Amino acid sequence: MEFPPPSAAKVGRATIEKAVSALLKWKESQSKIQKAQLLPQDDFIYLNLTLKKIPPKPRTNAFRIPFPNPIHDPSSSELCLIIDDRPNSKLTSDAAKKIIKSQNIPISKVIKLSKLKTNYKPFEAKRKLCDSYDLFLVDRRIVHLLPNLLGKQFFKKKKLPLPLDLTHKNWKEQVERACGSGLFYLRTGSCCVMRVGKGSMESEQIVENVLEAIKGVVQVVPKKWDGVRSLHLRLSDSLALPLYQALPDIKLKIEGFKEKQAEEEVSGGLVEVKESEKKADQGSGNKKGKKNKGRIHEVRYMDFDTGVDELESDDCIG
C-alpha cells in the first residue's frame with residue numbers, strides 16, 4: 001500500500017542529509033575506537049517519532065511503508081520463516097521447503113510452530129534465534145500466538161516476524177515486498193520507532209528512505225502533522241539528532257496565564273476586602289467584629305460573571 005505525499009513538507013531534504021552524514025561519520029569514528037565485537041552489532045538507522053497524544057486505538061500489527069531502497073536484501077540477508085503446522089493448516093515443513101525451492105526464495109530456515117513451542121522455550125534459545133537471522137516471516141494465521149512464544153527480545157530488537165498469507169501461491173512476491181518495506185508500530189505509548197536504513201547503505205539511499213518514511217508515518221498518525229510532536233534520527237547507540245520539532249501550543253500558554261492572573265486578582269481582592277472589614281470593625285468599637293457583611297463581599301467578589309456595577313454597589317454597603 002502506497003501513501004500519498006503530505007500536504008506540506010515539514011522536514012527539508014538538506015536537514016535529513018546533514019543528520020545522516022553526521023550519524024555515518026560518528027559510526028566510522030566509533031568503529032576505529034571500539035574493539036572488535038564477537039557478535040555483529042546492530043547498525044540500523046532509526047526514525048524516532050514522538051506523538052502529542054497517546055493513540056486512542058493502538059495496533060498490534062505494524063503499518064508497512066514501502067522504501068525505494070530495501071533495508072534487507074533477500075539475496076544477502078538471512079531469512080527465517082515460521083509456518084503453521086497445525087492439522088487444520090494443511091501445511092507441512094516438507095511442503096513449505098518444496099515451494100521455497102521451486103520459487104527460488106532465499107529463505108535460510110523454516111521453523112514449525114510445534115518446534116517453536118518446544119525447542120525455543122528457554123530464554124537463551126529465544127535470544128540466539130533472534131540474533132541468528134536478519135528478518136523473520138510468519139504465517140499470518142499464527143501471528144496472535146507469537147508474543148508469548150518469542151519473548152521480549154524480539155520486541156526489544158524490533159524483529160517481530162512479518163505476516164505472510166501462505167494460503168496463496170505468490171510467496172516470492174510477498175517476501176520481496178516484506179524485505180522492501182519499513183515497519184511502523186502505533187502502540188500504547190507516545191514514542192514510535194522504525195528502521196529506515198543500515199550503516200552499510202549509501203548516504204543518498206538512507207536519505208531517500210527517511211523521506212519516504214516520514215511521508216508514510218504522517219499519513220497513519222492520528223491528526224497527521226498536527227499529531228506529531230517531534231522527529232529524530234539515530235543509531236542504536238548514538239544520540240538522537242532532531243529533524244522536526246512542533247511549535248508549542250501558544251493558546252494553552254495564554255489561557256494558563258489568564259487563569260493565573262485571575263487567581264492573583266481574586267486573592268488580592270480578598271485581602272483588600274478583609275482589610276476594609278478590619279478597619280470598619282475598629283471604627284465601630286466592636287472587638288470581635290461582625291463578619292456577615294465580609295462574607296457577602298467575598299462571595300460576590302469571587303464571582304467572575306458578576307457585573308462591575310454590582311461590585312461597586314457591594315463595596316459601598318455599610
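Is Lys52 buried, partly exposed or exposed? Lys52 is partly exposed, at 38% relative accessible area (buried is under 20%, exposed over 50%, partly exposed in between; 1.4 Å probe, protein chains only).

## Basis

This is a predicted model: local features need pLDDT of at least 70, side-chain atom pairs count only at pLDDT 80 or more, and totals for chains, interfaces and linings use all residues. Residues are numbered from 1 along each chain as its sequence is written, and side-chain values use heavy atoms, with hydrogens and water left out.

## Positive patch

Lys52 sits in the loop between β1 (44-51) and β2 (63-66). Lys10, Lys52, Lys53, Lys223 and Arg229 form a positive surface patch (residues with over 30% relative accessible area and no salt bridge, like charges joined within 9 Å).

## Salt bridges

The whole structure holds eight salt bridges (a side-chain nitrogen of Lys or Arg within 4 Å of a carboxyl oxygen of Asp or Glu). One pairs Arg86 with Asp84 at 2.9 Å, N to O. Arg86 is partly exposed at 34%, whereas Asp84 is buried at 2%.

Arg127 bridges to Glu124 at 2.5 Å, N to O. The two are three residues apart in helix α4 (residues 123-132), so about one helical turn separates them. Arg141 meets Asp139 at 2.6 Å, N to O. Asp139 is buried at 1%. Shared partners also link Arg13, Glu17 and Glu204 into one salt-bridge network.

## Helix α8

Helix α8 (residues 203-220) has 18 residues. Its first and last C-alpha lie 26 Å apart, close to the 26 Å expected at 1.5 Å a residue (1.5 Å times one less than the number of residues). Its buried residues include Ile206, Val210, Ile214 and Val217.

Definitions and conventions:
Helix = DSSP H or I, 4+ residues; strand = E, 2+ residues; numbered from the N terminus. Patch = residues over 30% accessible without salt bridge, like charges linked within 9 Å, V, L, I, M, F, W, Y side chains within 5 Å. Areas by Shrake-Rupley, 256 points an atom, 1.4 Å probe, with all protein chains shown as cover. Lys, Arg positive; Asp, Glu negative; His and termini not counted. Charge placed at Lys NZ, Arg CZ, Asp CG, Glu CD.
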